[in-house]
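Biologist: I have a few questions about the words used for this chain. Can we take them one by one?

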Amino acid sequence: QSTWGYLFRLESFVMIFFSFFKTLVDTKARVTVELKNDLEISGVLHSVDQYLNIKLADISVVDPEKYPHLLSVKNCFIRGSVVRYVHIAKTDVDIDLLQETCRRESKQERK
């Protein structure tokens, strides 16, 4: 596998997640973003860009006793490269749409 093939595949997966998160922005879904430094922030998904940078509104910190200085913060921007996980409620995920998108992308990759 060439480096270019790997990068193309990685880029296509990033675009799948970007498209998926854009659908969640439209529904005003509440998500929890876990950062690589173990900080977890919950909030309404306000926007996401092609680098998977995330803007959250109406935020709260999952462990306020550990991060009391963040209690007054209401909105935040999270750089995509520091995100470990994004937790989403099952009810906010359209599994059929996600599976179909992955199938289409997989078909395109085989061509």
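Modeller: Start with one pair. Ile-54 stands opposite Ile-78 in β4. Keep in mind that this is a predicted model.

Biologist: What makes β3 and β4 a pair?

Modeller: Two strands pair if DSSP finds at least two bridges between them. β3 and β4 have 4 bridges. So they count as paired, by the rule of at least two bridges. The sense is antiparallel.

Biologist: Which strands are called edge strands, and why?

Modeller: The open sheet has 5 strands, in the order β4-β3-β2-β1-β5. Its pairing is antiparallel. β4 and β5 (83-88) each pair on one side only, and they are the edge strands. From one strand to the next, the twist averages 40°.

Biologist: Why is a set of residues called a nonpolar core?

Modeller: Its members must be buried residues of listed kinds, Val, Leu and Ile among them, joined through side-chain atoms within 4.5 Å. Buried means under 20% relative accessible area. The largest such core here has 21 residues. Among those with the most contacts inside it are Val-33, Ile-41, Ile-54 and Ile-78. So Ile-54 and Ile-78, as core members, are buried by the under 20% rule.

Biologist: Which element gives the most to this core?

Modeller: α1 does, with 5 residues. β1, β2, β3 and β4 are also among the elements that give two or more.

Biologist: What is Ile-41 in contact with, beyond its neighbours within four places in sequence?

Modeller: Its contacts include Val-33, Leu-56, Cys-76 and Ile-78. Contact means heavy atoms within 4.5 Å, so each of these residues meets that cut-off with Ile-41.

How values were computed:
Residues are numbered from 1 along each chain as its sequence is written. This is a predicted model: local features need pLDDT of at least 70, side-chain atom pairs count only at pLDDT 80 or more; totals for chains, interfaces and linings use all residues. Side-chain values use heavy atoms; hydrogens and water are left out. Buried means under 20% relative accessible area, exposed over 50%, partly exposed in between (1.4 Å probe, protein chains only). Axes are lines fitted to C-alpha atoms, for helices over the stretch in contact, and angles run from 0 to 180 degrees between N-to-C directions.
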